[in-house]
Amino acid sequence: EKEEDFPEEQDYSSISKPEQKPRKIIVFDVNRIFTLNHTTVELANLVGREKEVLEFILKQIEGNISMQEAITESATLLKGLSLEKINLLIPRLPLIHHVKEGIQKLKDAGYYLVAISSGFSQIITPICKSIGIDEIYCNVLGEKKGVITGEVIEKNVLHDDVKYYIVKYLLERYSIAQEKSIGVGDGFTDI
């Protein structure tokens, strides 16, 4: 059975509708661009599994496993993590120095700001909203009774080339020329 990159039911609550059509756009990765540490490792630290999650991430960076494998295996290790612990972590999560001020300057300069992350919405979305990102794409972990199930229920950014296709979609959606777009990332999947 083929895995779908984009589920049929999509939660559009994290997508703001611009008041006017944007003319220029910046698309960001989140991990180690806005945050000092990888957010999935931060989540794993809450359940004492950071070493294993970091191993999956490093294997993926080295090309030994796919992005999909790293994400689904990391999600499995987060099983049992309470949303309460995640919500307590978010305000304490170390961000890159002056990231909020930098984001505000970009918004003041007329840029529409988008985040695309292979991380999980339970942590990515609140971080991005708190610093002023306009539109957010990420994966969603399953939750039951306030606890992470260990499953990825919305697989929005699961393959290496998905970020490219999301950017292509955004440029077409807002009729923005490629020359008016900027990408910010730290890995080969961010290109």
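## Overall fold

The protein has seven helices and five strands. This is a predicted model. Along the sequence, the elements run β-α-α-α-α-α-β-α-β-β-α-β.

The protein counts 191 residues, and 45% of them are buried. Its accessible surface is about 10,700 Å². Carbon and sulfur atoms account for 51% of that surface.

## Nonpolar cores

The largest nonpolar core holds 41 residues. Within this core, Phe34 and Ile133 touch the most other members. Beyond four places in sequence, Ile133 touches Phe28, Phe34, Ile103, Leu113, Val114, Ala115 and Cys128. A second core is separate and has 13 residues, among them Tyr137, Ile166, Leu171 and Ile176.

## Helix H3 and its cover

Helix H3 spans residues 67–77. Its buried residues are Met67, Gln68, Ala70, Ile71, Ser74, Ala75 and Leu77. In an α-helix, residues three or four places apart point the same way, because there are 3.6 residues a turn.

Which elements cover the buried residues of H3? The cover includes two helices, H1 (39–45) and H2. It also includes the strands S2 (111–120), S3 (135–144) and S4 (147–154).

## The H3–H4 loop

Ser82 sits in the loop between H3 and helix H4, which covers residues 83–89. The Ser82 side chain reaches the backbone nitrogen of Lys85 at 3.1 Å. Leaving out residues up to four places away in sequence, Ser82 touches Gly146 and Val147.

## The H4–H5 loop

Leu93 belongs to the loop between H4 and helix H5 (99–108). Is Leu93 buried or exposed? Its relative accessibility is 7%, so Leu93 counts as buried; the cut-off for buried is under 20%.

Neighbours within four places aside, Leu93 is in contact with Thr35, Thr39, Glu42, Ile123 and Ile127.

## The H7–S5 loop

Tyr174 and Ala177 both need a look here. Tyr174 lies in the loop between helix H7 (162–173) and strand S5 (181–184). Ala177 lies in the loop between H7 and S5 as well. Tyr174 counts as buried because its relative accessibility is 6%. Ala177 has 35% relative accessibility, so it counts as partly exposed.

Tyr174 and Gln20 are 154 residues apart in sequence, yet 9.9 Å apart C-alpha to C-alpha. Ala177 and Lys24 are 153 residues apart in sequence and 8.0 Å apart in space, again C-alpha to C-alpha.

## A nonpolar surface patch

Which residues form a nonpolar patch on the surface? They are Leu54, Leu58 and Ile61. Together they have about 250 Å² of accessible area.

Leu58 is found in helix H2, residues 50–61. Its relative accessible area is 41%, so Leu58 is partly exposed. H2 is also among the elements that cover the buried residues of H3.

How values were computed:
Residues numbered from 1 in each chain as written. Predicted model: local features only at pLDDT ≥ 70, side-chain atom pairs only at ≥ 80, totals over all residues. Heavy atoms only, no water. Helix = DSSP H or I, 4+ residues; strand = E, 2+ residues; numbered from the N terminus. Polar contact = N/O pair within 3.5 Å; in protein donor to acceptor, adjacent residues only side chain to side chain. Contact = heavy atoms within 4.5 Å. Patch = residues over 30% accessible without salt bridge, like charges linked within 9 Å, V, L, I, M, F, W, Y side chains within 5 Å. Areas by Shrake-Rupley, 256 points an atom, 1.4 Å probe, with all protein chains shown as cover. Salt bridge = Lys/Arg side-chain N within 4 Å of Asp/Glu carboxyl O. Buried < 20%, exposed > 50% of the residue type's maximum accessible area, 1.4 Å probe, protein only. Core = buried A, V, L, I, M, F, W, Y, C linked by side-chain atoms within 4.5 Å.
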